Amino acid sequence: MSQIRLTAMAVALSAAGFATTGLAQQAQRPQIETTKVDGTDNVYIFRNGNHQSMFIVTKDGVIATDPIAYGRPTGGQDYIAEIKKVTDKPIKFLIYSHHHYDHIAGGKPFKDAGATIIAHKRAKERLAVLKDPNTPLPDQVVSDTGRTIKLGGTTLELKYFGLNHSDSNLVMWLPKEKIVFVVDTIPVGSFPGRGFIDIYPLETEEFIKKVLALDWERLIPGHPGQPGGRLGTKKDAQDILTLMQEASAEMKKMGQDGKCWEPAEKDFKLPKYANWPGYENGLPLVARRYCGLWGRGT
Ligand SMILES: [Zn+2]
């Protein structure tokens with residue numbers, strides 16, 4: 001009896017130890033951080049908590065992306081203050097990656113500073129209906145054929161590759177720097193999570209193939225890559241594509257055998273990915289989405 005108690009206590013202490021270590025690591029990491037992408041003299045990552053966005057400094061001004069200020073009332077100003085530490089050039093553009101508020105709330109200070117806000121046309125349609133007071137509407141929209149932005153010697157390609165994590169994601173590609181900024185659709189080094197809630201599963205496979213076909217070497221994700229906030233590679237993108245194909249195949253038979261939502265969601269496992277960060281939390285979300293696809297038809 002006493003031995004069982006001791007064992008239980010040891011397990012509890014060890015679990016507490018892990019939790020403390022995790023919290024300590026989080027505490028060491030500042031809430032806001034700006035880093036220049038290695039090997040470039042113009043591309044920066046602005047991180048606020050667990051969100052991040054890219055900004056590009058040119059001799060004629062700054063191209064900023066996602067304000068990432070949802071639930072962070074001063075987040076937009078904080079982002080601008082970080083840009084001002086790097087350059088005194090005006091912020092010419094603010095580009096929304098897609099319509100989700102956790103990435104694009106907080107754009108007003110950019111608009112007040114004179115930036116032109118750009119997004120995919122369906123992002124504007126969705127935002128116009130919801131009228132979120134924290135998220136100004138885009139001034140200009142991009143159609144499905146995309147758009148090229150040239151500023152101060154930098155070329156930024158805005159690509160639309162069809163339905164994916166949302167119906168409004170723009171892939172932002174710097175061809176000269178061989179960098180791509182892709183938000184939510186291709187997690188780097190972690191198992192998919194909330195980004196899967198309303199994803200378009202089959203279309204996303206095609207989306208990732210189109211991203212892979214672009215000429216780039218590094219991928220900046222909208223949430224810091226694992227481990228250590230690293231950037232992604234083409235292997236990371238291919239790994240997510242493979243994961244999706246395997247998850248889809250795993251659920252397909254159960255869905256078509258009439259097992260969704262139960263017991264399919266409980267039986268769904270992807271043991272190959274069990275050691276990936278986020279597996280435990282993400283697995284039920286991935287299961288739910290593929291059960292929807294193969295068990296309901298959407
Ligand atoms: Zn999103």
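Visitor: Which residue is the bridge partner of H120 in β7?

Guide: In β7, H120 has V142 as its bridge partner. Helices (H or I, at least four residues) and strands (E, at least two) are DSSP runs, numbered from the N terminus. Two strands pair if DSSP finds at least two bridges between them. Here β6 (residues 116–120) and β7 pair in the parallel sense over 3 bridges. Helix α5 (residues 121–130) packs on the sheet there and touches β6 and β7. The direction of α5 makes about 100 degrees with that of β6. Axes are lines fitted to C-alpha atoms, for helices over the stretch in contact, and angles run from 0 to 180 degrees between N-to-C directions.

Visitor: What should I know about the numbering and the source?

Guide: Residues are numbered from 1 along each chain as its sequence is written. This is a predicted model: local features need pLDDT of at least 70, side-chain atom pairs count only at pLDDT 80 or more, and totals for chains, interfaces and linings use all residues.

Visitor: Where is pLDDT under 50?

Guide: First the general idea. pLDDT is the predictor's confidence in each residue, from 0 to 100. Where pLDDT is low, the predicted coordinates should not be read in detail. In this model, pLDDT stays under 50 over residues 1–23. That stretch has 0 contacts beyond four places in sequence, a contact being two C-beta atoms, placed from the backbone, within 7 Å. The chain average is 93, and 91% of the residues score at least 70.

Visitor: How many helices and strands does the chain have?

Guide: There are 9 helices and 12 strands. Of these, 7 strands form an open sheet of mixed pairing, in the order β1-β2-β3-β4-β5-β6-β7. Its edge strands are β1 (32–36) and β7 (140–142), each pairing on one side only. From one strand to the next, the twist averages 20 degrees.

Visitor: How do I read a strand inside that sheet?

Guide: In a regular strand the side chains alternate between the two faces of the sheet. Now take β3 (residues 51–58). It is largely enclosed by the rest of the structure, because 7 of its 8 residues are buried. A residue is buried if 20 or more other C-beta atoms lie within 10 Å of its own, exposed if 12 or fewer, and partly exposed in between, with C-beta atoms placed from the backbone. Strand β2 (residues 43–48) runs antiparallel to β3, joined by 6 bridges. F46 stands opposite S53 in β3. The hairpin of β2 and β3 has 2 residues between the strands, and G49 takes a positive phi near 60 degrees. β3 also pairs with β4 in the antiparallel sense, over 4 bridges. In β4, G61 is the bridge partner of T58.

Visitor: Which strands does α2 lie across?

Guide: Helix α2 (residues 75–86) lies across β1, β2, β3, β4 and β5 (91–95). It runs at about 145 degrees to β2.

Visitor: How do I check a helix and find its packed side?

Guide: An α-helix has 3.6 residues a turn, so residues three or four places apart point the same way. For length, the expected span is 1.5 Å times one less than the number of residues. The 18 residues of α9 (residues 279–296) should span 26 Å, and the end C-alpha atoms are 24 Å apart, which agrees. Its buried residues include L283, V286, Y290 and W294. The buried residues of α9 pack against α6 (201–213), α7 (234–256) and α8 (264–267). After α9 comes G297, with a positive phi near 100 degrees.

For α7, the 23 residues should span 33 Å, and the end C-alpha atoms are 33 Å apart, which agrees. I240, M244, A247 and M251 are among its buried residues. Their cover includes α6, β12 (218–221), α8 and α9.

Visitor: Why does A264 count as buried?

Guide: A264 counts as buried because it has 22 C-beta neighbours inside 10 Å. This residue sits in helix α8. Leaving aside neighbours within four places in sequence, A264 is in contact with M251, M254, G255, K259, C291 and G295.
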